[in-house]
Amino acid sequence: MVTYTGADNPPFRLSMLIYDRRYRSLTLQAIVFILVMLMASWLINNTLQNLSAMGKTFSFDFLFRRAGYDIPQQLIPYNSDDTHLRAAIIGVLNTLLVSITGCISATVVGVLVGVLRLSSNWLIARLMTIYVEVFRNIPLLLWILVILAVFTEVMPAPNAYRGENPAATMILFDTIAPTNRYTAVPSLGMTNPPATISLGREGISWAFIAFVVVIAAAWFGNRQLRRWAKNVQDQTGKRPTTWWISLAMFVLPVLFLIWYFGLHLIPPVLRGFNFADGTNLDNAFVVLWLALTLYTGAFIAEIVRGGVLAVSRGQTEAAFALGLRPRRTMSLVVLPQALRVIVPPLISQYLNLTKNSSLAIAVGYMDLRGTLGGTTLNQTGREMECMVLMMGIYLLLCLIISAGMNIFNSRVKLRER
């Protein structure tokens, strides 16, 4: 037998970049990368030349100038003497607030509607179908304007809640008062407030840190408990009952902190012409949050319904034949398989909701689009810089959401061989 030395690893020649399959893909990728970089360089250079011809320069110095405008709803201290950079941060925080609360409430609405649409009750199933078809087939902007009109024209004025026989009454056990100017909701108060950690004009309460530490410790402890229960189940075939231990891990420390700090709700009270003591939410935020919730909830409902229907009925019947109860069948058989179908499109809905929050400009809610892309852009004339910053911030937010949900998806998906 004759062996040809070097047949598997022939000496490298330049022609191999084209004719050798091992190097051809690398050559094509390098060519495409160079072309893309040349295109980007040409676009940037062309933009800078056009800006120079207009007497403008590409600079972010305007971020450190005085903003000179007010923002109605703020999560951190802000006034008109602050810089455009701080105004942009306020806008980002407002965008995060409406996006996070919108994703949570839309998920609750979507799961509830998606499950009820599968109900055997004919009337409930048809009502859920009407909700889904109506909300997902009409543009979001129209829903925002409709809900804004309802809050502006239908909701009573704050003084309508005055007197022994008021013209309007508060809802949800007399805790929330929607008006045509704002929505008064309860705020959190503490009888024994601890000190705060000063971070410039902001501060972090030790109570907040204590709650975060307790919940994180309970989560870690519950994870160890589930791991122990799984080992016991693998060894004995019987899974120990741990739900009450998990419940105690989360509830008891939180109840202790609530008692220690004297945490309680402060209901809004009408004093003079306005509500006091509670928190008055800007109606622009409430309208946008409600529209995003109802609109995105319709899409999530269809995703949930599709995910549950994707699981074969034979899986459920097999679980029942093994003696599993309906709750265990749902948590151990149906839901893990349904999540594999639900989570990927759910990520897209969360991303859509975050980007759709830029429609806040329709109701005057000062999010990132209203601050950096609205007042700041008009005052400074730095449209290119503001657009670049907004695109970068939205891109970063969406990538973070996508990464987080993909990690969750990798944890809940079924392991297949």
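In the predicted model, L172 is placed in the loop that runs between α5 (140–154) and β1 (177–178), and F173 belongs to the loop between α5 and β1 as well. The backbone of L172 has a phi near 50°, a positive value in a residue other than glycine, and for F173 the corresponding angle, again positive in a residue other than glycine, is near 60°. Most residues other than glycine have a negative phi. With a relative accessibility of 54%, L172 counts as exposed, since the cut-off for that class is over 50%, and F173 is likewise exposed, with a relative accessible area of 83%.

When neighbours within four places in sequence are set aside, R66 is in contact with S80, D81, D82, T83 and H84. The separation of R66 from T179 amounts to 113 residues in sequence and, from C-alpha to C-alpha, to 34 Å in space.

The loop between α6 (206–236) and α7 (243–261) contains T242, which is buried because its relative accessible area is 11%, where burial requires a value under 20%. Residues up to four places away in sequence not being counted, T242 touches L225, W228 and A229. M390, by contrast, is located in a helix, namely α12 (residues 383–412), and this residue counts as buried at 7% relative accessibility. Beyond the neighbours within four places in sequence, the contacts of M390 are with L368, R369, L372 and G373; G373 is 17 residues from M390 in sequence, with a C-alpha to C-alpha distance of 7.1 Å.

Turning to the annotated segments, the unreviewed UniProt entry assigns "transmembrane region" to residues 26–44, 87–116, 128–151, 203–222, 243–266, 286–311 and 387–408. In the model, the span 87–116 is 100% helix and 0% strand, and its end C-alpha atoms are separated by 43 Å. The span 387–408 is also 100% helix and 0% strand, with end C-alpha atoms that lie 32 Å apart.

Along the principal axes, the C-alpha trace of the protein chain spans about 105 × 80 × 50 Å. Among contacts in the protein chain with a separation of 6 or more, 65% are accounted for by residues 24 or more positions apart.

Of the 417 residues, 32% count as buried. The accessible surface of the protein chain comes to about 26,000 Å², and carbon and sulfur atoms contribute 66% of this area. As for the charges, the mean position of the 34 positive charges of the protein chain and that of the 20 negative charges are 13 Å apart.

Conventions. Residues numbered from 1 in each chain as written. Predicted model: local features only at pLDDT ≥ 70, side-chain atom pairs only at ≥ 80, totals over all residues. Heavy atoms only, no water. Buried < 20%, exposed > 50% of the residue type's maximum accessible area, 1.4 Å probe, protein only. Contact = heavy atoms within 4.5 Å. Areas by Shrake-Rupley, 256 points an atom, 1.4 Å probe, with all protein chains shown as cover. Lys, Arg positive; Asp, Glu negative; His and termini not counted. Charge placed at Lys NZ, Arg CZ, Asp CG, Glu CD. UniProt positions renumbered as here; feature names shortened; annotations may be inferred. Helix = DSSP H or I, 4+ residues; strand = E, 2+ residues; numbered from the N terminus.
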